[in-house]
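These are my notebook entries on one protein structure. I wrote down each item as I looked it up.

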Amino acid sequence: MDKLIVEGGHKLSGRLNISGSKNASLPILAAALLTDEPVRISRVPDVSDTNYMIQILSQLGASVERSSGTVRVESPDGISSSASYEQVRKMRASICLLGPMMARMKRCTLPLPGGCVIGDRPVDLHVKAIQALGARVRVKGGNMLIEAPNGLVGTTVDMRGDNGPTVLGTDNLMMAAVLARGTTVIESAAREPEVVDLANFLNKMGARIEGAGSRTITIHGVERLHGCEHTVIPDRIEAGTFMVAAALVSNGLRICRICREHVQSIANLLVECGHSVEFSADGTEVSVKPGEKPLSGKITTAPYPGYPTDMQAQMTALFSITPGISVVKDTIFPQRFMHCSELKRMGANIKVDNGTAIITGVDSLSAAPVMASDLRASAALVLAALAAEGTTEIHRLYHIDRGYEMLDDKLLSLGAVVKRVRDVEEEPCNEA
Ligand code: EPZ
């Protein structure tokens, strides 16, 4: 297990390239199962989550080769329709294998994904979707046993849950529907850019999908899909994380290989809070500088194009040393506040109650040994440590390695003083 030693107080400066999107790569890698022809996917970030997905595809019988950022997948007939608990328990997002496995093999055995620290992660909408297409779902020994002996038949499904649309639920229904008989209409679809990227990938394979990016997606089933080549979109959450870092502890950063539209809500909030944000004319680069007089702010997370739940922890780190009182409400994952207790160890003044954090800005944070808990909470701790006085140790770095490609190298290239070391004191922990 590794930990990150961060020497605070060094202002970042310079420019960096953002990696390809982890959350676009995962369903697109799973979608490679929909054809027996090879697909080549570029700009897949080298992070634990994508490597877990690659491992699972290989264990199912697909041949998978990664050379730097490009992954080639070929899934011959006869691949397994059953993913093991050992494989799936490491990554909740493995649920996005459900759609492609059902479309290709009309049956699958998938362990029910466990919960995680950001809260309960139900799959009722995924089950509702595949049942609507005619599949039978049983639960036995912690596994979902799903089969559609007569194949899948298109229909209309409203995918709205109590907390709004579901990203991977929308992905799964889209992937199950592409080879179904007839037409499927997804109402209350997720509009995230990663859903659009998956739809574009599927259409390159010969699918007939319309309306991705809107609340209603229509999929006309086809007989078969063929191989294709695709480059995933930039990672908007990595971009947003560095935009917040720039506002928190820099003399200005130039963040490259982004897509303006995907980070607009993050940019708007930084501007509202007094920071400087300037996009290049073509929207592929953004310069962010700390404001002279930073202002407190209010976030209520929302499905895209609203403010992303994946960016509220990072902004909480910035609010921790912004004068005044800021409020962060997460309507999507109301328990997603693990980072607050760790930030308080660094001197932040935060009260969390009923899905809302009230942050009273303090003059400065001070270094303390802290523990990463989930991917985005860990990113918030790195940002806080960069700004804190003294040297912070962040334990359980594997949480960060799930979704940030070469984070320490990127920070070093911007002038941060960080070091990754083996965490000898850290006992292997039994993940919750
Ligand atoms: C995706 O998770 C992302 N992960 C998450 O990013 C992101 O936080 C989330 O979307 C919301 O934007 C990937 O894309 C791999 P949801 P997903 O289904 O699809 C409820 C990160 O840090 N719900 O959109 O699993 C659910 O509890 C990760 O990169 C049901 O009620 O999330 C939540 O309240 C963390 N029933 C809301 O919907 C279901 O069947 C949105 O969840 C499914 C979800």
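Predicted model: local features only at pLDDT ≥ 70, side-chain atom pairs only at ≥ 80, totals over all residues.

**Entry 1. The shell around the ligand.** The ligand is surrounded by 25 residues, and the closest are D124, L125, T166, D310 and I332. I then looked up which helices take part. At least two residues of this shell come from each of α1 (22-31), α5 (124-132), α6 (167-177) and α12 (375-387).

Entry 2. R376 has a polar side-chain atom 2.8 Å from an oxygen atom of the ligand. For N163, a polar side-chain atom lies 3.2 Å from a ligand oxygen atom. P122 takes part through its backbone, with a polar atom there 3.4 Å from an oxygen atom of the ligand. I next asked how much of the ligand is covered: taken alone it exposes 820 Å², and the protein buries 91% of that.

**Entry 3. The second largest pocket.** I noted a volume of about 240 Å³ for the second largest pocket. It is lined by 15 residues, and the closest to its centre are K11, A247, L248, V249 and I321. Helix α8 (residues 236-249) provides the largest share of this lining, three residues. By class, I listed eight nonpolar residues, six polar and one charged.

Entry 4. Rolling a probe the size of a water molecule over the atoms shows where empty space is left. I counted three cavities of 30 Å³ or more. The volume of the largest cavity is about 60 Å³. Its lining consists of T241, F242, A245, A379, V382, L383, L386, L407 and L411. Which helix gives the most to this lining? I found that α12 does, with four residues. Helices α8, α12 and α14 (407-413) each supply at least two residues. The classes here are eight nonpolar, one polar and no charged residues. I remarked that α12 also belongs to the helices that supply at least two residues of the shell around the ligand.

**Entry 5. Salt bridges.** I recorded 22 salt bridges in the structure. One that I followed up joins D36 and R224, with the closest N and O atoms 3.4 Å apart.

**Entry 6. Two details of the backbone.** I looked up the peptide bond from Y304 to P305 and found it to be cis, with omega near 10°. The loop that holds P305 runs between β17 (298-300) and α10 (312-320). I then turned to N354, where phi is near 50°, a positive value in a residue other than glycine. N354 is placed in the loop between β19 (349-353) and β20 (356-360).

How values were computed
Residues numbered from 1 in each chain as written. Heavy atoms only, no water. 1 Å grid on protein atoms, 1.4 Å probe; cavity = no way out; pocket = protein on both sides within 12 Å on 5 of 7 lines; lining within 4 Å. Points joined across faces, edges and corners; volume = space filled by probe spheres on them. Nonpolar A, V, L, I, M, F, W, Y, C, P; charged D, E, K, R; others polar. Near = heavy atom within 4 Å. Polar contact = N/O pair within 3.5 Å; in protein donor to acceptor, adjacent residues only side chain to side chain. Areas by Shrake-Rupley, 256 points an atom, 1.4 Å probe, with all protein chains shown as cover. Salt bridge = Lys/Arg side-chain N within 4 Å of Asp/Glu carboxyl O.
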